[in-house]
Amino acid sequence: MKSVLLFLSQGFEEYEASVFTDVIGWSRMYGTVPVGLKTTGLRNEIHCTWNLIVRPELTFDKINVKDYDALAIPGGFETARYYEDAFDERFLDLIRRFDQQGKIIASVCVGALPIGKSGVLKNRNATTYDLDDLNGSRRKQLAELGAIVKNERIVVDKNIITSTGPSTGLDVAFTLLRMLTNEENVKAVKRHMRFEA
């Protein structure tokens with residue numbers, strides 16, 4: 001069975017993580033190809049952007065990259081201390097190891113920034129949060145990290161998926177599921193989740 005590792009940073013946005021747990025969970029229950037998912041983080045207890053407190057299933061030191069086919073990265077808020085964990089060298093090294101093995105890395109919103117910080121987006125297409133009231137600062141930051149920033153909702157460059165904001169979350173999760181399995185599985189999951197398939 002294919003398996004996804006979901007990294008939960010301090011200050012991650014709850015909805016952006018839930019798109020992965022739900023889509024992958026529905027695949028396991030009603031899909032034509034079941035997919036597993038485990039959560040991990042650098043802390044035993046994580047405070048999310050909107051005050052939810054979670055405990056990851058797997059301690060970070062127990063991760064074996066060989067056990068997973070994909071890494072999922074929700075974004076979060078700087079004011080909620082998101083970048084403390086997202087930019088931690090231990091996590092950046094994990095991103096590099098997933099990329100070196102050609103495994104899928106899927107991110108929502110500013111979840112693209114640690115991918116960029118790890119160095120694996122250098123000269124590759126990507127996107128991130130784009131709202132103009134922040135003067136496009138996150139896109140500028142991603143460009144400074146070496147990415148070729150595209151003005152698109154979702155960008156797929158080989159094994160890496162990046163996106164512009166929370167509204168793209170479900171699309172990112174379904175894109176990940178499609179890349180891990182197939183279109184038939186995605187249609188089955190969407191039908192059971194009551195999306196128009």
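Val 110 is found in the loop that joins β7 (104-107) to α4 (112-118); helices (H or I, at least four residues) and strands (E, at least two) are DSSP runs, numbered from the N terminus. The structure is a predicted model, in which local features need pLDDT of at least 70 and side-chain atom pairs count only at pLDDT 80 or more, while totals for chains, interfaces and linings use all residues. Residues are numbered from 1 along each chain as its sequence is written, and side-chain values use heavy atoms, with hydrogens and water left out.

With a relative accessible area of 5%, Val 110 is buried; buried denotes under 20% relative accessible area, exposed over 50%, and partly exposed the range in between (1.4 Å probe, protein chains only). Val 110 and Val 54 are separated by 56 residues in sequence and by 20 Å in space, C-alpha to C-alpha.

The loop between β1 and α1 contains Phe 12, which is buried at a relative accessible area of 3%. Apart from residues up to four places away in sequence, Phe 12 touches Ala 17, Ile 46, Cys 48, Thr 49, Val 54, Pro 74, Gly 75, Gly 76 and Tyr 82. Between Phe 12 and Met 179 there are 167 residues of sequence separation and a C-alpha to C-alpha distance of 24 Å. Glu 13 is also placed in the loop between β1 (2-7) and α1 (14-30). Although buried, Glu 13 has no salt bridge, and the nearest side chain of opposite charge, that of Arg 138, is 11 Å away. In assigning charge, Lys and Arg count as positive and Asp and Glu as negative, whereas His and the chain ends are not counted; a salt bridge is a side-chain nitrogen of Lys or Arg within 4 Å of a carboxyl oxygen of Asp or Glu. Beyond its neighbours within four places in sequence, Glu 13 is in contact with Thr 49, Trp 50, Pro 74, Gly 75, Gly 76, Phe 77 and Pro 166.

Helix α1 packs against helix α6 (residues 169-180) at an angle of about 40°, the axes being 9 Å apart. Helix α1 is therefore oblique to α6. Axes are lines fitted to C-alpha atoms, for helices over the stretch in contact, and angles run from 0 to 180 degrees between N-to-C directions; angles under 35 degrees count as roughly parallel, over 145 as roughly antiparallel, 65 to 115 as roughly perpendicular and the rest as oblique. On the α1 side, Tyr 15, Val 19, Phe 20, Val 23, Ile 24 and Ser 27 meet Gly 169, Leu 170, Val 172, Ala 173, Phe 174, Leu 176 and Leu 177 of α6. Ser 27 of helix α1 is buried, with a relative accessible area of 0%. Its contacts, not counting residues up to four places away in sequence, are with Val 33, Pro 34, Val 35, Leu 177, Asn 185 and Val 189.

The axes of α6 and helix α7 (residues 183-193) come within 7 Å and cross at roughly 140°, so these two helices are likewise classed as oblique to each other. Phe 174, Leu 177 and Arg 178 of α6 make this contact with Glu 183, Asn 185, Val 186, Val 189, Lys 190 and Met 193 of α7.

The structure holds 14 salt bridges. In one of them, Glu 78 pairs with Arg 138, the closest N and O atoms lying 2.8 Å apart. This pair links distant parts of the chain, with Glu 78 in the loop between β6 (70-73) and α2 (82-86) and Arg 138 in helix α5 (residues 137-144), 60 residues apart. Glu 78 counts as exposed at 52% relative accessibility, whereas Arg 138 is buried, with a relative accessible area of 17%. A salt bridge also joins Asp 88 to Arg 90, with 3.0 Å between the closest N and O atoms; Asp 88 counts as buried at 18% relative accessibility and Arg 90 as partly exposed at 47%. Arg 96 and Glu 89 meet through their side chains in a salt bridge (2.6 Å, N to O). Arg 43, Arg 81, Glu 84 and Asp 85 are linked in a network of salt bridges.

Notes: Contact = heavy atoms within 4.5 Å.
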